[in-house]
Amino acid sequence: MRHRVVVIGAGFGGLFAIKALRNAPVDITLVNGTAYHLFQPLLYQLATGILSEGEIAPPIREVLKNQKNVDVKLGWAQRVDVGSKTVYVEGPGIDYTVEYDTLIVSAGSSQSYFGHEEYATYAPGMKNVDNALELRARIFAAFEIADLQPDPVERERWMTFVIVGAGPTGTEMAGQVAELAHRNLPGQYKHIDPRKARIILVDALDAVLNTFGDHLSTRALRQLHLLGVEVELNTKVVGVDATGIDVETERGTERIESMTKVWAAGVSAPPLARQIAEAAGAKTDRAGRIFVERDLTVPGHPEIIAVGDMINLSDEKGDELPGVAQVAIQGGKYAAKLVKRRLAGKPAPEPFKYFDKGSLAVISRSSAVASIGKVHLSGFAAWLIWVGVHLFYLVGFKNRITAVLHWAVSFLGRGRSERISTVQMAYGRQALQHYGDPFQHVRVTPELSGEPSGEPKPEPERAPEPAAEPSGN
Ligand SMILES: Cc1cc2nc3c(=O)[nH]c(=O)nc-3n(C[C@H](O)[C@H](O)[C@H](O)COP(=O)(O)OP(=O)(O)OC[C@H]3O[C@@H](n4cnc5c(N)ncnc54)[C@H](O)[C@@H]3O)c2cc1C
């Protein structure tokens, strides 16, 4: 039997590991919660109607169709039994297990609401396609509803957009909502002027893009002001509900009335990271990320390699590696190299060393900031680098062509190619919360051997019908 490699996660880390194992004498099973690979850096463009979901989230099967040594399985890994080397997975309608000789786990990160998960209902995060489509539906619906409101107070509430978190995601999102309101939508409504929309970017820290350094942070702040974004720094969110948010500032507690909120603050490791660490006797940090060895293995378990956002590893200067795509990509490639060298009986490779290729963040069309080694750029030059880098890493030739066309529509013209949003996009989350697992009546659970037992689960009690329509947010 060939060496069995199980990969959990088809994000940057998992996908690059699998591709690097293409010619290795291994049988790979990929377990991923969604059927697509997601290019997260462009999620904000999905949420603001610039790109379609197909452009940033190609089907994994298509991406890997020419790689014969990989079996793609849909499902969420629930836990890993490190003793029997078995992964327990909840698939759609069926639970199953997969056994491994080597486990490469790259399950990414989850949105963190700092213990206030209830905020998510009113302020969706930006971690997956569902989130971005939900936000798209809410943003475009807000302008439609504002146009119908006779009461100026209500109208203003619908035309106020709050983005929480002034890191790259929040800054990019604020910039794009501002462009939408001030550049793309004006002239399309009879009763409102979209230019009067308020876009408020809130952060508890005292700078936007604080990881980019003082110079670029100041440039980004100026760009945001030019776009008409109100930036509220040193402002901590202490409450989120259907009609607004409560914030604590040096002036005291204040309320911002807003129907549309976006949460772009805080990430934590997925629950699977903690479960693996506990099972393996490894430590996690406060965000739940696993402290791994310098060769990315989980302490005491050389057969488990963890990469990407879910690990905590410091470089030789003692700085923690950031949660960015390059850390995951380089980690995925390193994991594959480690497996190949072990199988070939060669000595282990040098410890993992992250090569920082730089950071980029877009503020608006034709304006970005770039920090590449000692070079700090802002404005159009940085934006051109951003376009090149994102096209290079976008998966699929066809996607690159259509992305360029859609960028031309939005950045050269004044259109948005992907404005369609549906009621299900806006309210699907609430339905799922209410009804739970859509497969609960047909789910098949396997015996421990990993083979499905064929016995359907007893029918659970149905949840009561909703007492009222979902709130208007
Ligand atoms: C909105 C946004 C913008 C970003 N912008 C940038 C940027 O501009 N530049 C940059 O470098 N980085 C950016 N990042 C960060 C970058 O996307 C991540 O660092 C990178 O995706 C991490 O790769 P990963 O493989 O660790 O995880 P991910 O790419 O998140 O992949 C994790 C995969 O694991 C799957 N998964 C998770 N849990 C399970 C489970 N239990 N079972 C099965 N499958 C599971 C998920 O479905 C997903 O496919 C951004 C992130 C976000 C959210």
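Q: What should I know about the numbering and the model before I start?
A: Residues are numbered from 1 along each chain as its sequence is written. The model is predicted: local features need pLDDT of at least 70, side-chain atom pairs count only at pLDDT 80 or more, and totals for chains, interfaces and linings use all residues.

Q: Which domains does the protein chain have?
A: Domain bounds come from an automatic or database domain assignment. Here, domain 1 covers 3-33 + 75-109 + 269-343. Domain 2 covers 117-264. Their centres, taken over C-alpha atoms, are 35 Å apart.

Q: Which residues come nearest to the ligand?
A: A residue is near a molecule or strand if its C-beta atom, placed from the backbone, lies within 6 Å of it. There are 33 residues around the ligand, and Gly9, Gly11, Gly13, Gly108 and Gly308 come nearest. Elements giving two or more residues to this shell include α1 (12-20), α7 (168-184) and α10 (325-343). Helices (H or I, at least four residues) and strands (E, at least two) are DSSP runs, numbered from the N terminus.

Q: How do the residues of the shell divide by class?
A: Ala, Val, Leu, Ile, Met, Phe, Trp, Tyr, Cys and Pro count as nonpolar, Asp, Glu, Lys and Arg as charged, and the others, Gly among them, as polar. The shell has 17 nonpolar, 14 polar and two charged residues.

Q: How do α1 and α10 cross?
A: Two packed helices are described by the angle between their axes and the distance between the axes. Axes are lines fitted to C-alpha atoms, for helices over the stretch in contact, and angles run from 0 to 180 degrees between N-to-C directions. The axes of α1 and α10 come within 7 Å and cross at roughly 30°.

Q: Which residues meet where α1 and α10 pack?
A: Residues are in contact if their C-beta atoms, placed from the backbone, lie within 7 Å. From α1, the residues include Gly13, Phe16 and Ala20. From α10, they include Ala325, Ile329 and Lys333. The contact has ten nonpolar, four polar and one charged residues.

Q: What is the strand order in the open sheet of six strands?
A: Two strands pair if DSSP finds at least two bridges between them. The order is β3-β2-β1-β7-β19-β18, with mixed pairing. β3 (70-74) and β18 (297-298) are the edge strands, each pairing on one side only. Helix α9 (residues 271-280) packs on this sheet, touching β7 (102-105), β18 and β19.

Q: How do β18 and β7 pair with β19?
A: β18 runs antiparallel to β19 (residues 301-306), with two bridges. Thr297 has Ile305 as its bridge partner. In the hairpin of β18 and β19, Gly300 takes a positive phi near 80°. β7 pairs with β19 in the parallel sense, over three bridges. There, Ile104 stands opposite Ile305.

Q: What order do the strands take in the open sheet of four strands?
A: The order is β11-β10-β9-β15, with parallel pairing. Its edge strands are β11 (229-232) and β15 (260-263). Five bridges join β9 (residues 160-164) to β10 (residues 198-202). One partner pair is Phe161 and Ile199.

Q: Which strands does α7 lie across?
A: α7 lies across β9, β10, β11 and β15. It runs at about 175° to β10.

Conventions: Two residues are in contact if their C-beta atoms, placed from the backbone, lie within 7 Å.
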